[in-house]
Amino acid sequence: MSLTPEIDAFLGCPTPDAWIEAALADEHTLLIDHKNCEFKAASTALSLIAKYNTHLELINMMSRLAREELVHHEQVLRLMKRRGVPLRPVSAGRYASGLRRVVRAHEPVKLVDTLVVGAFIEARSCERFAALVPHLDEELGTFYHGLLKSEARHYQGYLKLAYEYGEASDIAQVVQKVREVEAELISSADGEMRFHSGIPMAQPA
């Protein structure tokens, strides 16, 4: 039974088993990139507040979201310290930039597209936590299970804001377009293992 049926229905594909295997085999990179993702999520929320500073509903939601993501960032850092995972630079994957390529350049649809992309990123994060939980040790599994509810709430919040600022018929088309691109990024071969990567390919020795 799925832990996230609503999320699964929203996304275009499940996380491939090959990604789960690669993530479990490289827990250090998984945790470092997860930490980076939480920070980027907070940064994105603050950037949206700065750019759309007359959109009251957006400001209220993104302010709460940024605080929550920073708490998650701190939680991952503490968990890494307990597990002896050293900090090191990890390059950004192709996922977020791949999704941003479908965002239209003119307003107000640029905001709507950006919010839909945000909904997919949060939904995939939630789905990935759920996919990993059954395979993790008790400490990490409990932590990731505890993040499911907040990530699902963030996905719902992004989507709600999209409908607040856009037209339903247009949003339906945007969701379908982003869904197809997102599923391709998740299900295709990827040169590296990241929290939102596709299927990591073994690097030549």
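**Salt bridges and burial**

Tutor: Glu 182 has a relative accessible area of 0%, so it is buried (buried is under 20% relative accessible area, exposed over 50%, partly exposed in between, with a 1.4 Å probe and protein chains only).

Student: What forms a salt bridge with Glu 182?

Tutor: Arg 124 does, with the closest N and O atoms 2.7 Å apart. A salt bridge here is a side-chain nitrogen of Lys or Arg within 4 Å of a carboxyl oxygen of Asp or Glu. Arg 124 is in helix α6 (residues 109-132) and Glu 182 in helix α8 (residues 168-187), so the pair ties together parts 58 residues apart in sequence. Helices are DSSP runs of H or I, at least four residues, numbered from the N terminus.

Student: Is Arg 124 buried or exposed?

Tutor: Buried, at 0% relative accessibility.

Student: Where do these numbers come from?

Tutor: This is a predicted model, where local features need pLDDT of at least 70 and side-chain atom pairs count only at pLDDT 80 or more, while totals for chains, interfaces and linings use all residues. Residues are numbered from 1 along each chain as its sequence is written, and side-chain values use heavy atoms, leaving out hydrogens and water.

Student: How many salt bridges are there?

Tutor: The count is 11.

Student: Which residue does Arg 104 pair with?

Tutor: Asp 113, at 2.8 Å between the closest N and O atoms. Asp 113 is buried at 1%, and Arg 104 is partly exposed at 23%.

Note on methods: Helices (H or I, at least four residues) and strands (E, at least two) are DSSP runs, numbered from the N terminus.
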